[in-house]
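Here's a quick tour of a protein model, put together for someone just starting out. Take a look at the sequence and the 3D picture, then read on.

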Amino acid sequence: MADDVMKPLVRLYERPVKGMDAFLWDSPWIGGMAKEKRAMNKRLMTRSLQSFEMAWEGTGLLDAAQKVAVIIQETLGRPNYYFYPDDPLELLLIFSWDGLEVDELVLDVERAFGIECDPNASESLCPFYQYTEQPTFGDLIRWIVAEMEKKRVREKAHAETWRHGEGEAGGSEEEESE
């Protein structure tokens, strides 16, 4: 049983492509997405804090994972935040009828970590918007930590530039006329 608890979440239902089943898929009460959400929540309830910590052990990402997982739990109403690195992000982000929860979730994560997840950037690797790559929760956490590091490096470089150019800000009139 302990081995089953450590396995990542998997999709139980395939999205139908046509007919009434496809039409009802997004129904918040009877559709396949609702069934998937209930099944996922039931599987999450079998996990413990100890298994969550074991899943992230040795990655150096436990604090960031816990912070994001709590945001997901609170925003999307999950029974707990015990998400493993290999859990498909698609399943964790199953939302209700209007889907605004995911937009709120992205904003909350951006604010919590001081990063930006731009879906319009052509080079965007933000897992929130990678529908074809099927990112995992671990991919999201690694992306967030990498973005935080990039921001830290940019800010440090900006501070160094400002410090070295402090007395030269604006330049002299001679430099401006050249």
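One definition to begin with: a residue is buried if its relative accessible area is under 20%, exposed if it is over 50%, and partly exposed in between (worked out with a 1.4 Å probe, protein chains only). L49 has a relative accessibility of 34%, so it counts as partly exposed.

Before going further, note that this is a predicted model: local features need a pLDDT of at least 70, side-chain atom pairs count only at pLDDT 80 or more, and totals for chains, interfaces and linings use all residues. Residues are numbered from 1 along each chain as its sequence is written, and side-chain values use heavy atoms, with hydrogens and water left out.

**The overall picture**

- The protein has nine helices and zero strands, where helices (H or I, at least four residues) and strands (E, at least two) are DSSP runs numbered from the N terminus.
- Going along the sequence, the pattern reads α-α-α-α-α-α-α-α-α.
- Out of the protein's 178 residues, 37% count as buried.
- If we take contacts (heavy atoms within 4.5 Å) with a separation of 6 or more, residues 24 or more positions apart account for 65% of them.

**How confident is the predictor?**

- The score to know is pLDDT, the predictor's confidence in each residue, from 0 to 100.
- On average the protein gets a pLDDT of 77, and 68% of the residues score at least 70.
- Which elements have the lowest and the highest mean pLDDT? Helix 9 (residues 173-177) has the lowest, at 46, and helix 4 (residues 49-56) has the highest, at 95.
- Over residues 167-178, pLDDT stays under 50, and the model has two contacts beyond four places in sequence for that stretch.

**How the helices pack**

- Two packed helices are described by the angle between their axes and the distance between the axes.
- The axes here are lines fitted to C-alpha atoms, for helices over the stretch in contact, and the angles run from 0 to 180 degrees between N-to-C directions.
- Helix 5 packs with helix 7 (residues 100-113) at an angle of about 150°, and their axes are 10 Å apart.
- That makes helix 5 roughly antiparallel to helix 7, given that angles under 35 degrees count as roughly parallel, over 145 as roughly antiparallel, 65 to 115 as roughly perpendicular and the rest as oblique.
- The helix 5 and helix 7 crossing is right-handed; a crossing is right-handed if the near helix is turned clockwise from the far one by less than a right angle, and left-handed if anticlockwise.
- On the helix 5 side, A64, K67, V68, I71, I72, T75 and L76 take part, and they meet E101, V102, E104, L105, D108, V109, A112 and F113 in helix 7.
- The residues of this contact divide into 10 nonpolar, one polar and four charged, with Ala, Val, Leu, Ile, Met, Phe, Trp, Tyr, Cys and Pro counted as nonpolar, Asp, Glu, Lys and Arg as charged, and the others, Gly among them, as polar.
- Helix 4 also packs with helix 5, at an angle of about 130° and with axes 10 Å apart.
- Helix 4 and helix 5 are therefore oblique to each other, and their crossing is right-handed.
- F52, E53 and W56 of helix 4 make this contact with L62, A65 and Q66 of helix 5.
- Sorted by type, the residues where helix 4 meets helix 5 are four nonpolar, one polar and one charged.

- L49 sits in helix 4. Setting aside neighbours within four places in sequence, L49 is in contact with Y81 and Y82. The C-alpha atoms of L49 and Y81 are 8.5 Å apart, although the two are 32 residues apart along the chain.
- P79 is in the loop between helix 5 (62-76) and helix 6 (89-92). With a relative accessible area of 34%, P79 is partly exposed. Not counting residues up to four places away, P79 touches N41, L44, M45 and Q73.
- V10 belongs to the loop between helix 1 (2-5) and helix 2 (19-24). V10 counts as partly exposed because its relative accessibility is 46%. Beyond four places in sequence, V10 touches E36, R43 and L91.
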